[in-house]
Amino acid sequence: MQISDPQFGFREEQGFACAQALLEKAVMMTNALEPDFVVVTGDMVNSPDDSLQFSAYMETIGKISGGIPVYHIPGNHDIGRDTETGLRRYAGRYGYDRFAFEQGGCAFIGINSPVIKEMARPYERQQYRWLKRHLRDMKDAGVKIIFSHIPPVLKEYGEPENYSNFPVRMQKKYIPLFARHGVTAVISGHLHDMAECTAKGIRMITSGPCGKPLGKGFSGIGIGIVDGQQMEWRFIGLETQDNSKLTDNKTQDIRK
């Protein structure tokens, strides 16, 4: 399961009551569905130095059943403008800014995309070497999924940089790396809306937010059904009434 952009405090004049209520729904759905694990793809809070936002987020996400592992990767709002200070603060809160593991014959890697977006040295280079090593070590996995807060691309490989994608230089550095190592999909957030394209044979899935949506988006969670050879992906609105069926009138069904 993917939860993205709960972003406590985003576009709320006072506090974060709406964001907390939406995450509470996501937690209830998570506990009902009992996924193998959850990945939160960044922007847990709106202001990285707001301790109340962080404490409330941790209290709420902590209601996920203890037997379900939860992994975090940073969003730009979790790091802030000062990369060095932001990374140090983030590490103090979460203990890591990237992860890699194998399960069920599949590989799952979470990356720190803000340092890629900002081309922040030496952090971006260190992570790139780390990523190459793990992709090489996971060469025998069937499905390989990268989790990122910021999407590498929204519409096509080589598209101009904007707020919601990688710089072209970083697209040309990372996407060919993913292709060489047989990555199946990159699953992101950040947009507060949904998008999908294919870049060098890799599915680029941008899921909507758990928190406040923008554009034509809606609040929800991402569900992946993965085996050793293929992946099915679905984005489920938080207003779903019957979690066991994973269907309602606000469901984007994306299948391989």
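Predicted model: local features only at pLDDT ≥ 70, side-chain atom pairs only at ≥ 80, totals over all residues.
**First stop: H6 and H7**

Select helix H6, residues 123–137, together with helix H7, residues 168–180. View the two axes next: they lie 10 Å apart, and the helices pack at an angle of about 15 degrees. Because angles under 35 degrees count as roughly parallel, H6 and H7 are roughly parallel to each other. The crossing of H6 and H7 is left-handed.

**Second stop: Asn165**

Display its side chain and that of Glu159, which are joined by a polar contact of 2.9 Å. The side chain of Asn165 also reaches the backbone oxygen of Pro160, at 3.0 Å. To complete the surroundings, show the residues that Asn165 touches, leaving aside those up to four places away in sequence: Lys117, Ile150, Pro151, Pro152, Val153, Glu159, Pro160 and Gln171.

Now select Phe8, in the loop between strand S1 (2–3) and H1. Phe8 counts as buried because its relative accessibility is 0%. Which residues does Phe8 touch, not counting those up to four places away in sequence? They are Phe16, Ala19, Gln20, Leu23, Met44, Val45, Asn46, Gln53, Ala56, Tyr57 and Thr60. For Ala19, draw the distance between C-alpha atoms: Phe8 and Ala19 are eleven residues apart along the chain, and these atoms are separated by 5.3 Å.

**Last stop: H1 and H2**

Finally, select helix H1 (residues 17–33) and helix H2 (residues 51–61), whose axes come within 9 Å and cross at roughly 20 degrees. This makes H1 roughly parallel to H2, and their crossing is right-handed. Show Gln20, Leu23, Glu24 and Val27 in H1, which meet Ala56, Tyr57, Thr60 and Ile61 in H2. By class, this contact has five nonpolar, two polar and one charged residues. Among the residues displayed here, Gln20, Leu23, Ala56, Tyr57 and Thr60 are also touched by Phe8.

Terms used: Residues numbered from 1 in each chain as written. Heavy atoms only, no water. Helix = DSSP H or I, 4+ residues; strand = E, 2+ residues; numbered from the N terminus. Polar contact = N/O pair within 3.5 Å; in protein donor to acceptor, adjacent residues only side chain to side chain. Contact = heavy atoms within 4.5 Å. Axes fitted to C-alpha atoms, helices over the stretch in contact; angles between N-to-C directions. Parallel < 35°, antiparallel > 145°, perpendicular 65-115°, else oblique. Left-handed = near helix turned anticlockwise from the far one by under 90°. Nonpolar A, V, L, I, M, F, W, Y, C, P; charged D, E, K, R; others polar. Buried < 20%, exposed > 50% of the residue type's maximum accessible area, 1.4 Å probe, protein only.
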